[in-house]
Amino acid sequence: MKKIKIGIIGCGGIANGKHMPALSKLNDVEMVAFCDLIPEKAEAAAKRYGTPDAKVYTDYKELLADPEIEVVHVLTPNRAHSFITVDALHAGKHVMCEKPMAINSAEAKKMLDAANETGKLLTFGYQSRYRADSQYLKAEAEDGTFGDIYYAKATAIRRRAVPTWGVFLNEYEQGGGPLIDIGTHALDLTLWIMNNYKPKYCVGTTYHKLNGLGKDDQGNAWGNWDPDKFTVEDAAFGFVVMENGATINLESSWALNTLDSREAVTLVCGTKAGGDCWDGVRINGVSHGRQYVMKPNMQAGGAAYFDGAPADDPAVVEARQWINAVEGKGTPTVTPEQAYTVTRILEGIYISAKTGDIYRF
């Protein structure tokens with residue numbers, strides 16, 4: 001069996017927590033090169049996940065120069081997504097880039113253009129699409145169960161779970177806080193289920209209310225953060241109106257005084273029925289003059305969304321469908337055009353929050 005040779009650029013948390021473990025479960029790929037600015041991270045990744053002769057780099061351009069590498073996973077801080085992805089595509093590689101697409105729409109457009117210019121595949125790490133509940137809601141939407149979806153809520157709310165490692169709190173490196181980090185998952189999921197990628201305008205607010213708290217007032221799940229380094233927002237909210245009149249409420253936070261914490265979930269309301277993944281999956285509507293709530297048993301076994309991948313591991317399902325696309329067996333589920341729209345909306349919310357005005361697309 002011919003194995004797809006993969007290079008990993010960025011060997012930090014998302015690489016070790018998601019991409020490399022998922023790829024290691026596929027028998028038709030091998031990770032042959034690892035790059036990180038901190039050589040010890042690349043060396044550790046190569047030792048654990050690489051082939052016996054895997055190469056280690058600190059300069060990603062040296063990795064891209066290897067003609068045997070067909071696929072590159074870009075798993076760096078957000079600021080580096082765009083230029084590394086563009087270089088990789090022009091080097092003849094197919095690219096899986098971790099979310100978000102980029103720190104702003106201008107950088108995202110460069111990636112979209114590079115994919116179109118080179119003809120290489122480009123996709124993004126929105127693994128929430130591959131959860132069983134997400135797949136079920138998508139199937140119901142495609143079956144027409146909801147009718148015309150005209151209202152939705154995209155939610156990524158944590159009570160107190162601020163990521164204190166890496167560069168998550170650094171606005172320069174990340175481009176923002178919870179909105180661009182976890183709000184992007186909720187928004188992507190919502191747009192995908194609605195199958196609506198034409199925003200008209202948005203209004204947004206961002207808050208720096210809790211990021212200056214002292215250690216005795218934080219109560220953070222991952223230990224205390226440094227208030228001086230917490231330069232991104234701690235919460236952000238947006239109201240988005242689409243060209244067809246549909247509206248989306250987007251909620252995101254790393255730290256909010258609430259008991260209603262839910263991450264990367266969606267609620268959709270249509271002319272025929274509504275659905276959400278607040279508590280498993282719930283479909284609500286009216287039948288024969290009576291209101292109903294239908295809750296499918298999401299614990300029961302079922303066919304994976306993509307053949308050959310475990311139905312209960314979104315990261316592996318994501319990796320499987322991506323490699324299938326590279327092998328010519330279908331197309332990537334997350335397209336660069338879809339990810340570009342997500343980035344445009346996130347940017348619009350940030351700009352609206354700064355200007356205090358409506359942002360028009």
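Trp165, Phe168, Trp222, Trp225, Phe230 and Trp254 form one aromatic cluster. The model is predicted, so local features need pLDDT of at least 70 and side-chain atom pairs count only at pLDDT 80 or more, while totals for chains, interfaces and linings use all residues. Residues are numbered from 1 along each chain as its sequence is written, and side-chain values use heavy atoms, with hydrogens and water left out.

**Aromatic pairs**

- The whole structure holds eight aromatic pairs; rings of Phe, Tyr and Trp (its six-membered ring) pair if their centres lie within 6.5 Å, and planes under 30 degrees apart count as stacked, over 60 as edge-to-face and the rest as tilted.
- Tyr60 and Phe83 are a tilted pair, because their ring centres are 6.2 Å apart and their planes stand at 50 degrees.
- This pair links distant parts of the chain, with Tyr60 in helix α3 (residues 60-64) and Phe83 in helix α4 (residues 81-90), 23 residues apart; helices (H or I, at least four residues) and strands (E, at least two) are DSSP runs, numbered from the N terminus.
- Tyr60 counts as buried at 13% relative accessibility, whereas Phe83 counts as partly exposed at 41%; buried means under 20% relative accessible area, exposed over 50% and partly exposed in between (1.4 Å probe, protein chains only).
- Phe230 and Trp254 also form a tilted pair, with 6.1 Å from centre to centre and 45 degrees between the planes.
- Phe230 is buried at 4% relative accessibility, and Trp254 is buried at 0%.

**Charges over rings**

- The charged end of Arg79 sits over the ring of Tyr172, 3.8 Å from its centre; the criterion is NZ of Lys or CZ of Arg within 6 Å of the ring centre and within 35 degrees of the ring normal.
- Arg360 lies over the face of Tyr201, 5.4 Å from the ring centre.

**The open sheet**

- Six strands in the order β3-β2-β1-β4-β5-β6 form an open sheet with parallel pairing; two strands pair if DSSP finds at least two bridges between them.
- At the edges stand β3 (50-57) and β6 (122-125), each with a single partner strand, so one side of each has no neighbour in the sheet.
- Strands β4 (residues 71-74) and β5 (residues 94-98) run parallel and are joined by four bridges.
- His73 has Met96 in β5 as its bridge partner.

**Surroundings of Ala236**

- Ala236 lies in strand β9 (residues 235-242) and is buried, with a relative accessible area of 0%.
- Apart from neighbours within four places in sequence, Ala236 is in contact with Leu179, Thr205, Thr206, Leu250, Glu251 and Ser252; contact means heavy atoms within 4.5 Å.
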